[in-house]
Amino acid sequence: MIRTRALVAAALAAILSAGAASAEDHGPVPHREKWTFSGVFGTFDQAQLQRGFQVYREVCSNCHSLSYIRFRNLEQEGGPDFSAAQVKALAAEYKVKDGPNDSGDMFERPGRPADKIPAPFPNEQAAAAANGGKAPPDLSLMAKARTFARGGLWFIIDWLPFVGYTEQGPDYIHALLNGYKDEPPKDVTVPPGGHYNEYYPGHVIAMPKPLSDGQVTYAKGANGQPVAPETVDQYSRDVTAFLMWTAEPHLLARKSLGLRAILFLLVLAGLLYYVKKKIWSDVGGETHGLQPELHKTS
């Protein structure tokens with residue numbers, strides 16, 4: 001028992017120290033934001049997804065691709081909910097390389113809803129050459145690919161059903177976009193071409209600050225004011241929500257199916273318990289009825 005307790009204590013200490021070291025290496029832990037898609041009953045805000053696509057298109061698409069998304073996905077249920085006419089007009093604004101034609105030549109044509117959203121560079125080598133030797137990552141799955149360690153035993157709580165925390169990716173992206181500082185701390189040396197970011201691992205990131213206040217003009221509401229604040233914080237929230245949708249475009253359908261499955265299992269469990277009580281109550285009665293006969297025989 002003493003040896004077992006010692007091993008358990010050592011394991012807990014190792015987990016806690018590893019979590020603390022990981023959190024220290026990655027800088028401050030991003031703040032846990034409130035997202036409409038959080039939790040079992042969370043849903044995407046369609047207006048926010050449309051604004052997020054606007055931010056991606058006007059800012060992020062200059063360097064980052066979105067290769068797993070086609071124009072037609074923008075009108076699917078649970079997404080930005082663009083109309084078919086809007087998607088068709090949007091796709092037609094892009095030039096897509098196609099072919100070969102009857103002469104064996106490649107050619108350009110207006111985009112169609114079935115086309116992928118064109119990447120800003122023809123290939124990875126061209127992207128790397130235009131960005132200091134490193135190609136900017138594709139953003140399609142970024143909200144699921146990026147995460148951070150909260151340290152300690154939080155990972156156990158994060159896995160608990162109904163109360164778990166699964167939005168580390170969106171929280172990290174939001175924090176990263178807001179984590180640029182003009183003046184790095186005195187103990188941090190930023191090399192030429194680098195930029196200090198409070199939340200980026202190592203704190204030195206090659207990507208310059210992508211967003212600034214007033215950079216993207218949102219549509220006006222009925223009162224003549226923008227439908228959302230035109231600030232870095234709002235831009236980062238909107239584009240993060242959009243990237244969460246690109247990473248899980250069927251999130252709402254998955255949640256709906258999961259809730260129906262849980263409801264079915266609860267009803268099934270209740271029926272099985274009732275059947276069990278019904279059957280074994282009769283068997284128990286017959287058994288008790290035989291006890292006197294067995295006693296007389298003995």
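How many disulfides does the structure hold?

## Cysteines

The structure holds zero disulfides, a disulfide being a pair of cysteine sulfur atoms within 2.5 Å. Cys60 takes part in none, and the nearest cysteine sulfur, which belongs to Cys63, is 9.0 Å away; seen from Cys63, the closest cysteine sulfur is that of Cys60, and this separation of 9.0 Å is too far for a bond. Cys60 counts as buried because its relative accessibility is 16%, whereas Cys63, with a relative accessible area of 32%, is partly exposed; buried here means under 20% relative accessible area, exposed over 50%, and partly exposed in between, with a 1.4 Å probe and protein chains only.

## Basis of the model

This is a predicted model, in which local features need pLDDT of at least 70 and side-chain atom pairs count only at pLDDT 80 or more, while totals for chains, interfaces and linings use all residues. Residues are numbered from 1 along each chain as its sequence is written, and side-chain values use heavy atoms, with hydrogens and water left out.

## Chain overview

The chain has nine helices and four strands, which are DSSP runs numbered from the N terminus (helices H or I, at least four residues; strands E, at least two). Along the sequence these elements follow the pattern α-α-α-β-β-α-α-α-α-β-β-α-α.

Of the 298 residues in the chain, 31% are buried. The chain exposes about 18900 Å², of which carbon and sulfur atoms supply 60%; accessible areas come from the Shrake-Rupley method with a 1.4 Å probe, and for residues only the protein chains shown count as cover. Among contacts (heavy atoms within 4.5 Å) between residues at least 6 apart in sequence, 62% join residues at least 24 apart.

## Nonpolar cores

A nonpolar core is a set of buried Ala, Val, Leu, Ile, Met, Phe, Trp, Tyr and Cys residues joined through side-chain atoms within 4.5 Å. The largest has 38 residues, of which Phe53, Tyr56, Leu66, Leu74 and Phe242 touch the most other members. Two or more residues each come from helix 2 (46-58), helix 3 (84-92), helix 5 (142-145), helix 7 (168-177) and helix 8 (232-247), and helix 8 gives the largest share, nine residues. Because domain 1 (23-67 + 123-261) and domain 2 (70-115) both give residues to this core, it lies between them; the domain bounds come from an automatic or database domain assignment.

Leaving aside residues up to four places away in sequence, Phe53 touches Leu74, Phe82, Leu90, Ile117 and Phe242. A second, separate core has six residues, including Phe148, Tyr172, Tyr180 and Ile205.
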